[in-house]
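Work through the exercises below with the sequence and model open. Each task is followed by its solution.

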Amino acid sequence: MTTVRRTPLKGNCLYATHAYQPGEVVVDEEPLFRSRLADEPDLAARVAAAHARTPFGFQHSRSHLAALQTLRRAPEAVVAAILEKAAPIAPAAASNLDAELAAILEDASDDRARLRQLVLAWEYNGFPNGDALEVFETVTTAAHSCFPNCSLEVVTGLRREGDGSSLLRKGDRYDRVELGLRFRALRPIAADDEITFCYLPDLDLRAEFRERRRAIASRGWKFVCHCDRCVAEARAFLATARAAAVVEEAEDDECAVMVEAIF
């Protein structure tokens, strides 16, 4: 069991409401909304054509399509929940977002402000699943950590060909499909501990803290990781740099230079 709490520095974050042992499932969740190319092929083609004419800042058009499909097909409660998802306010890649939306939209009455926020919410909270993009109610509230206490797993299952039913009979043809996402505990988690995972699946967690922070920044996130591991490594780095500067100052009688670490 988990709960979402508002924090002063990071916004909504996810916390455990009871203890978990390594290997136990913490969250098992189906998507809040799924954006698929096949659901609206004409719209998908129009968005892709606009991106082909003038490449979008995010270097793809999936978040734009997902935002449009959200406004067109999702219940208002789902739209409101997605709009609440955390996203950078003005990432550099979104500097031309208004023009990109104008190149797609046919109706001038479309809600541009909500579309803009939805694009950002999908870009920074959407999870790819084949040709689909999915957003989740709970999983997307969990914060990043370079020493995460949970792994992120894809939940798969069997669905009958044609109607997608989970009720399979002997002789049925079926597909294995992705059904949702799961958090699994990597180490003991106590009640009231924050639930964390690594935002970037290809991030080398063995890398030095500045390399990890640069990798996160390159994705467009406007935060500097201050997980316990990054803070400890940064403090050790600064202490070492200051100690080296003191030695250098003592050895250089003519020109003492103090070196401050920037991180």
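**Exercise 1.** Which residues do ring pairs link into a cluster?

Solution. The model is predicted, so local features need pLDDT of at least 70 and side-chain atom pairs pLDDT 80 or more, while totals for chains, interfaces and linings use all residues. Residues are numbered from 1 along each chain as its sequence is written, and side-chain values use heavy atoms, leaving out hydrogens and water.

Step 1: apply the pair rule, by which rings of Phe, Tyr and Trp (its six-membered ring) pair if their centres lie within 6.5 Å; planes under 30 degrees apart are stacked, over 60 edge-to-face, the rest tilted.

Step 2: follow the links, which join Phe-183, Phe-197, Tyr-199 and Phe-223.

**Exercise 2.** Classify the pair of Phe-183 and Phe-197.

Solution. The ring centres are 5.1 Å apart and the planes stand at 45°, so this pair is tilted. Phe-183 belongs to strand β9 (residues 174–185) and Phe-197 to strand β10 (residues 196–197), 14 residues apart; strands are DSSP runs of E, at least two residues, and helices runs of H or I, at least four, numbered from the N terminus. Both Phe-183 and Phe-197 are buried (under 20% relative accessible area; exposed is over 50%, partly exposed in between; 1.4 Å probe, protein chains only).

**Exercise 3.** Classify the pair of Phe-209 and Phe-237, and state whether each residue is buried or partly exposed.

Solution. With 5.8 Å between centres and 70° between planes, the pair is edge-to-face. Phe-209 lies in helix α6 (residues 209–218) and Phe-237 in helix α7 (residues 228–251), so parts 28 residues apart in sequence are tied together. Phe-209 is buried at 2% relative accessible area, whereas Phe-237, at 25%, is partly exposed.
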